[in-house]
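Good morning, everyone. Please take a moment with the sequence and the model on the screen, and then I will walk you through them.

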Amino acid sequence: MYGVLILSLVLARQKSTTLLSGVLFAILLCFKHIYLYLAPAYFVFLLRVYCLGPKSIFHIQFGNSIKLGLGIFGIFGVAFGPFAYWGQIPQLLSRLFPFSRGLCHAYWAPNIWAMYSFTDRILIFGMVVVPLLLLLADLA
C-alpha cells in the first residue's frame with residue numbers, strides 16, 4: 001500500500017497526471033483507511049493545484065472540479081455502494097473505526113501495541129517527573 005501512496009505522490013508532481021493522482025489516492029483510501037490522516041492535506045493540494053486557477057484562488061476551474069469530484073465519488077461509490085444498498089454502513093463504520101474498545105485493548109496482550117502503550121505511559125510519567133526534579137534541584 002505504501003507503494004500506491006508513493007505512486008500517487010509522484011503522479012501529483014506533474015500537472016498532466018494530477019487527476020490520476022487524486023483518483024489513485026481515493027483507491028488507496030478504499031484499500032487501507034489508515035491513510036485517512038493524509039486526506040485533508042491531499043484535499044487542499046488537489047483543490048489548489050487542480051481545481052483553482054494558477055494565478056488566483058478566486059478563479060475556479062469548474063471542468064477540473066467536476067472531473068475530480070466524479071472520479072473520487074465514483075471510486076467511493078463502487079467501493080461502498082453495495083454496503084449502502086444492503087444497509088450495512090453503520091456496521092462497516094464500526095468495524096473500520098473501533099473507538100468503542102479503544103485503540104489499545106483493555107488487557108495486556110503480549111504484542112507490540114501493549115509494549116508501545118507501556119513505554120508511552122512510562123515516557124509520559126518521565127516527562128512530568130524529570131523536569132520537576134530538575135527544577136527542584138536548581139532551586140536547592
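This is a predicted model: local features need pLDDT of at least 70, side-chain atom pairs count only at pLDDT 80 or more; totals for chains, interfaces and linings use all residues.

What percentage of the 140 residues in the protein chain do buried residues make up? The answer is 20%, where buried means under 20% relative accessible area, exposed means over 50%, and partly exposed lies in between, with a 1.4 Å probe and protein chains only.

Residues are numbered from 1 along each chain as its sequence is written, and side-chain values use heavy atoms, with hydrogens and water left out.

The protein chain has six helices and zero strands, where helices are DSSP runs of H or I with at least four residues, strands are runs of E with at least two, and both are numbered from the N terminus.

Let us turn to helix 3, which spans residues 39-51 and in which Ala39, Tyr42, Leu46, Tyr50 and Cys51 are buried. These residues are on the same side of helix 3 because they cover an arc of only 95 degrees around the axis, the arc being that of the directions from the helix axis to the C-beta atoms. As background, an α-helix has 3.6 residues a turn, so residues three or four places apart point the same way. On the face turned away from the buried side of helix 3 we find the exposed residues Pro40, Ala41 and Val44. The cover over the buried residues of helix 3 includes helix 1 (2-11), helix 2 (18-31) and helix 4 (62-85).

Helix 2 also holds Val23, which is buried, with a relative accessible area of 18%. Leaving aside neighbours within four places in sequence, Val23 is in contact with Gly71 and Ile75, and contact here means heavy atoms within 4.5 Å. Although Val23 and Ile75 are 52 residues apart along the chain, their C-alpha atoms are separated by 7.5 Å.

Finally, which part of the chain contains Leu133? Leu133 is found in helix 6, residues 112-139, and Leu133 counts as exposed because its relative accessibility is 52%.
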